[in-house]
Each structure stands twice: as C-alpha cells, then as structure tokens.
Amino acid sequence: KIPIILDCDPGHDDAFALILAIFNEKIDLLGVTTVSGNQTLEKTTLNASRILYACGVTRSLPLAKGCDGPLVKYPRNFQLNTTSSKGDLNDHPTEVHGESGMDGAEFPDDINVSLCEKHAVFVMAELIERHATRERPVHIVCVGPLTNISLFIKLYPKLHKFIRIVLMGGSFCQGNVQPTSEFNINYDPIAAHIVFHSNIPITMLPLDLTHQVLVTEEVSRKISSLSSTFSQTMLGLLNFFQSTYRDVFGISYPPLHDPCAVAYLVDPSKFETTHIRVDVEISPGLCTGQTIGYFHWKRPGCRKNVDVAMKVDVEWFWEIMLQALKKADQN
Ligand code: BDR
Ligand code: CA
C-alpha cells in the first residue's frame, strides 16, 4: 500500500479524491489536512469532515486544519476576483463550488468527526516521522492551494528526503482563473514557487490532464444506478458542479480534477508523464500563477524539477472511481 496524506480544500472534486483515497485498496490514507481555497478554512474543514462522516470514517483518521489564506495576498485584480450571489467581492470561487464550498447536497448537522488540535503542518510532520522511511516515503497529495506544504518545506528540511509530492494544479493550455492560470497555483503563487523549487520529487497533474476526465452522462448514469443515500448525495454534488461548469465555462461535462492525483498513485502506468522543468510566474500581472513548462527546452544547465502527467487512461480512471463509490455505498 502507498502511504499518503491528502491535503485538500473540499470542494466538489476534492470530495471524490477523499473517497478514492479512503476506499482504494492500494492507498493507505494516513491523514487528511485542509487549507483554504475553494472556500474559507472553516468551510473546507467542515466539508472534509462531512465526507469522512458520510464514508463512515469518524475517529481513526487524523483530520487537521491548516492555513486560512495564501502566504502573500496579491492585489485583487491578480488573483481570483469574482462576485458572489449576494454581489460581494469574493476571495473564493463561489460561482463554481457555491457558498458552502460544496453546494448541491444535504449533509447532517450533527456530524461527529474529531479534529486534531495541532496545525496541519505539525500533523503532517508527525505522520511522516511515524510512518516514512527512505525506502517507503510518504506521498503528500495536494489538491488545493500549496500553502500548507510550502510551510512544511520551510519548517522541516530534514524530512524532505522522506516525502514525495503529487499535486493537482497548473496548466500548460488554458487557465481557469486567468487566461493562463489555474486556480490552485494562482491562489498562492509564492507557495507554489517554494514547492516547485524544493528539490523534492514532484508529480504534477495539470488541467491539460484533468480536462480529459469528464463527468459524462454515462458516468452520471452509472453513479445514479448505485441508488443508495450516499451515491445520491455524491450525484447531487456532481449535478451542481455540472451546472456551474456549464454557466461559468460553457463546458457541458465538468472535469473531475482532484481524484486524478490519487489515481496516479494507484497505478502510475496508466498515466503518460514527461520529466521537465516547471517555473511559476509570481509577479503580479496578467499571468500571475501561470505554470511555465520547458517541454522542448534543450539548453544545458536547465534543472528539471517535475514529472508532468499529460495523459491518462480515462476508462480505467472511471472504473476505479466507481469501484470506490460502490465500496463507500456498502459501508
Ligand atoms: C482545482 O481548483 C479547485 O476549484 C478544484 O477543487 C481543483 O483542485 C482545479 O483548478
Ligand atoms: Ca481542490
């Protein structure tokens, strides 16, 4: 089993990353940490506990709250800048994930999931110290802004050799926040810069890949045929996500970004990766948070720092995602 810590900001697609991490037999989920992004830290943490509770995971798994905002906040026009349904300026993508960060389904009020008292970064360090060896490193799977992991990198240099990073973020085609910037990187570009230049082995799953993994009608039909309360809840989330993707991006079937990062660890051979250098644009401007990939760059002295996954076996992805949903259903 591959030991992982899932660092997330649920988020509709984060919810599916959690389910895959909990129910795929190849993954050993050691802990879940939260960060602000799709919503405030309070809301993303509540959403993480809602999914854990729905999956029947209440006490055995450490859940820890991390950072509530980027390392450096840029002037508004260089980071996500949208208007909520109430007309307020917004720091979170409510037009995609709603006011709760996970609109579209009902969750019980009395969820009973225990939360660690310590900050996520300390919990990460403890879990790594307890579980990692050089031969069996812990994978930090980041599916939100990179704020928590960037702090971990600065605070625990001696633990670098015990981890690998798999992250959903960035884009080499179009962005989804600015023309060339993807949300997770644009939300905290300085954190992303720290991560990409940490010398820690990184696998990146950009929008180029996640936009192949679409929730088509056939996928929705298969999920709705599961027919339990759990799967209907998940379907409610997907229906909401589909309608916002249609309204905001004009895309009929939404891409399910975040579980791709967990799926990569289930079977890397199902992905096509290329080892290149990636830099992050950190200056405030039109391209804040853009990821620049040196795909065809041959000049000497250019240190390669990232394995970028550009293609995935989509059919296989949905097979393992549906298997996980079935298991969650029977739980
Ligand atoms: C990423 O941004 C968030 O809205 C999603 O949860 C995903 O992690 C996609 O750009
Ligand atoms: Ca996310």
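Predicted model: local features only at pLDDT ≥ 70, side-chain atom pairs only at ≥ 80, totals over all residues.
The peptide bond that joins P10 to G11 is cis, with omega near -10°. Most peptide bonds are trans, and most residues other than glycine have a negative phi. N199 belongs to the loop between helix 7 (189-196) and strand 8 (202-205). The residue counts as exposed because it has 11 C-beta neighbours inside 10 Å, and the cut-off for exposed is 12 or fewer.

The protein as a whole contains 12 helices and 12 strands. Its radius of gyration is 18 Å, close to the 20 Å that the globule rule gives for 331 residues, so the protein is as compact as a globular protein of that length. Along the principal axes, the C-alpha atoms fill a box of roughly 55 × 45 × 40 Å. Of the 331 residues, 51% count as buried. Among contacts with a separation of 6 or more, 81% come from residues 24 or more positions apart.

In soluble globular proteins, nonpolar side chains tend to be buried together. Here the largest nonpolar core has 88 residues. I4, L18, I19, L20 and A261 have the most contacts inside this core. Helix 1 gives the most to the core, with nine residues. L18 shows how one position is packed. Beyond its neighbours within four places in sequence, L18 is in contact with L6, C8, P10, V32, A48 and I51.

Helix 10 (residues 229-249) has 21 residues. From its first C-alpha to its last, helix 10 reaches 30 Å, close to the 30 Å expected at 1.5 Å a residue. Its buried residues are M234, L235, L237, L238, F241, Q242, T244 and Y245. An α-helix has 3.6 residues a turn, so residues three or four places apart point the same way. The cover over the buried residues of helix 10 includes helix 1, helix 3 (94-97), helix 9 (217-224) and helix 12 (314-330). After helix 10 comes G250, with a positive phi near 70°.

Definitions and conventions:
Residues numbered from 1 in each chain as written. Chains lettered and ligands numbered in written order. Helix = DSSP H or I, 4+ residues; strand = E, 2+ residues; numbered from the N terminus. Expected span 1.5 Å × (residues − 1). Buried ≥ 20, exposed ≤ 12 C-beta atoms within 10 Å, placed from the backbone. Contact = placed C-beta atoms within 7 Å. Rg over C-alpha atoms; globule rule 2.2 N^0.38 Å. Core = buried A, V, L, I, M, F, W, Y, C linked by C-beta atoms within 7 Å.
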